[in-house]
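Have a look at the fold below before reading on.

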Amino acid sequence: ERSKWPKETIDLWNRLYKKDAADIETIQKSIVHHVTTTLARAAYNMDNFTAYQAVALSARDRLIAQWNETQGQLSKADPKRVYYLSLEFLLGRSMDNALLNLGLKDVYAKGIGQLGFRMEDVVESESDAALGNGNLGRLAACYMDSLATLEYPAWGYGLRYNYGIFQQRIIEGYQAEFPDYWLNFDNPWELPRLDISIPIYFAGHVHSFQDEYGVTRHKWVPGQSVQAIAYDVPIPGYDTENCNNIRLWRSKPTRVFDLTSFNEGNYEKSVEDATQAEKITSVLYPNDNTMAGKELRLKQQYFWTAASLHDIVRRFKKSQRDWSDFPEQVAIQLNDTHPTLAIVELQRILVDEEQLNWDDAWEIVTRTFAFTNHTVLPEAMEKWSVPMFEYLLPRHLQIVFDINLFFLQKVEKRFPNDRELLKRMSIIEEAQPQQIRMAHLAVVGSHKVNGVAALHSNLIRDTIFKDFVEYYGSDKFVNVTNGITSRRWLNQANHKLSELITETLGSDAWIKDLDLLKGLNKKVDDKVFQKKWMAIKRANKVRLAELIKERCGIEVSPDALFDVQVKRIHEYKRQFMNILAVIHRYRTIKSLTPAQKANVQPRVVIFGGKAAPGYYVAKLVIKLINSVANVVNQDPAVGDLLKVVFIPDYNVSLAEVIVPASDISQHISTAGTEASGTSNMKFVLNGGLILGTMDGANIEILEEIGEDNIFIFGCLAHEVEDLRYAQRYRGVPMDPALQGVLAAIEKGTFEDPKIFQPLISTLTIGKDYYLISADFASYLRANQAVDAAYKDQDEWVKKSIRCTANMGKFSSDRSVKEYADNIWHIKPFKVVDNQQID
Ligand code: F55
């Protein structure tokens, strides 16, 4: 025990334990030290990747020091903490961010420059940590950055997948998936905690008995066990000593169980069991916004929530407080329904293991959890089949049924004799077999439920959670509009623009207070400033053009309008509508006289994004884009007037190059389907304009930047239902321009039309669920408005500056503060730069 050490021992520690100085020589020494010892390389045998590893190890030493200091001071003060449970953390690269947040970017750049390396090359040697599908996972990463920067005591909990989101290659125009084995080379950004090993159980049966007071109690007698091993990823805040943590769990076989099968003489089975155990954290499920319903996925969810809760409860118990204080010390945020089992697991711990009575336990549980919903799409709603759930988690199933029973009894009391209402609100769906509705369980087990943009939060109140709003009252259902971190998405990704902004505002305080960007509004008409602004955009476009040349072999002109749609491929996001409009544009250009062609605004249409491997129609969209690109890009009648590009393997670090280079980006989901969108925020923050629908956060972006600086088209969310109805039952004809486009595909303009038949049939009258036909005419008009506006470069630059200037609201610092104040009720805890132990 440290507190029992004699004074001399403490003094000795304090003399030896000194934070490293941040001068160039100390830094270089530490890099060289890691090259020659940790990496066992000679200086002359060093490449960019080795340099990256050495810099990473050197930065990591400092992160560990900050991490230790933060966690030590937190343990002592023991303030309320928030735990962010997310199955996905899409962190991307770490090095640039770590150096920025440590405040050591410049000195490291100089240091390695003198050692013969360029910082850009070293930074680019790092591969992405891609433990996420899309912006649900990226949101978690932005929130972790903001939590640390705002000095909130917060931990993330997730899984350490061996394989992140698959790597996408395009083969003959089709998506092909390849494994992303990102741990091939050691990951310097994680700290393995091999000593933290938590047993996690599955299957078995429930033992019921009477306790000494004659009360019936239940005990789970599990049939299988695995171990959860902790890996910690330090998350430093920007310009602070605080360093938070993301704890990722990895599954490992349990020794005892191996030996049991081994002793039975069944060696093969013991090895097989071990393999099954390791499989749990082997791979990230690659579906976004669709539910797969696989047993292994349920195992992942329980493994992760049980390990995390075990850890949280252990930390709470150290303080020897009363259980009723638990919600005063712990807030747990559920990132979508994926961690909803945590609600059941905490109730099980409190009732079965800590012997609390049901109602006291349930009060603690519901005061602890809050739930973020990210979608209203029916196919994305998580449901688990009762038989499968019962086999893996027999005791948890009983608890779910009890939670449901007590809940429905209360509903019945408030709204008597309404069987339809009970059926609608039940956590159990009466199907064959029965299904557990995880969203209902999450609502019932939480004290706050939030959507991720104003429209979306209103929609969930009016649709999927309508009955619950009536029962609980509307205070439980709140909005927290998503945000993005200005550190990664402006300062790092667009460093030149960032420098111009700092120079113009006279300070870099905007990096931590994004509303300060408003100061740029007074520069909108400043010609010198405009020129600098456009020069930076052009340089970013040149950089992207080089990347396109290198990765796709396509030559594009940086003087053309860069039109970008990068995001997961999904029918509701309507990449299909985009490529159909590109075909329309192509056909129009082909019909023009040379004189008319001179007036056409040249455009490069850039696509990127992954389709879920089992999502056939989405994969056909990728094929169509590539087929169209093939024809258009080689047509001499078109030349530079139109180029079409599909950039393979879209990921976070590609986004960091693409986002700052866009003139227009497309966020064109059918109104009411995109919960928020966050890339829309990234593009506008970087001075790119939006072509979009009145959906998700587009609406709030419009409110902030003004309608003159955004191109909006299409039907509104409240019109969607009527439009679908009209289409289905009143035989509304297909848009004529769209008919022309489909005819062109069908006559074989872009490869064998048979390939695309399943895609085209999604537009059959009455089946066009995402309303491409209904929105097509206004989409084409909006595209023309974009062309016209871009031709007026004097006005365009003003729009671009106004975009950036008015994006302060969309900082994830603002979002996180709203969560902290209104949902978690936690306060910042400032770590003091104290290098002494005591
Ligand atoms: C991943 C797995 C499952 Cl099972 C379901 C959904 C996902 C997923 O990746 N969802 C996702 O990314 N949702 C998005 O969340 C963003 C952050 O809130 C929103 O901006 C976006 O609108 C929403 O689609």
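E241 is partly exposed because its relative accessibility is 23%, where partly exposed sits between buried (under 20% relative accessible area) and exposed (over 50%), using a 1.4 Å probe and protein chains only. Keep in mind that this is a predicted model, where local features need pLDDT of at least 70 and side-chain atom pairs count only at pLDDT 80 or more, while totals for chains, interfaces and linings use all residues. Residues are numbered from 1 along each chain as its sequence is written, and side-chain values use heavy atoms, leaving out hydrogens and water.

So what does E241 pair with? It makes a salt bridge (a side-chain nitrogen of Lys or Arg within 4 Å of a carboxyl oxygen of Asp or Glu) with K19, the closest N and O atoms being 3.1 Å apart. That pair links distant parts of the chain, 222 residues apart: E241 is in the loop between β10 and β11 (243-253), and K19 in the loop between α1 and α2 (24-38). Helices here (H or I, at least four residues) and strands (E, at least two) are DSSP runs, numbered from the N terminus.

Now try D352 and R395, whose side chains meet in a salt bridge at 2.7 Å, N to O. D352 belongs to helix α12 and R395 to helix α15 (residues 394-414), so this pair ties together parts 43 residues apart in sequence. D352 is buried, as its relative accessible area is 12%, and R395 is buried too, at 2%. Elsewhere, shared partners join R193, D232, R247, D311, R314 and R315 into one salt-bridge network.

On to the sheet. It's an open one of nine strands, ordered β7-β10-β11-β4-β1-β12-β13-β17-β18, with mixed pairing; two strands pair if DSSP finds at least two bridges between them. β7 (191-202) and β18 (477-479) are at the edges with a single partner strand each, so one side of each has no neighbour in the sheet. β7 pairs with β10 (residues 224-236) in the antiparallel sense over nine bridges, and F202 has Q224 as its bridge partner in β10.

Last stop: helix α28 (residues 698-705), mostly covered, with six of its eight residues buried. Those are N698, I699, E700, I701, L702 and I705. They pack (contact means heavy atoms within 4.5 Å) against several elements, including α18 (454-462), β22 (664-667) and α33 (793-805).
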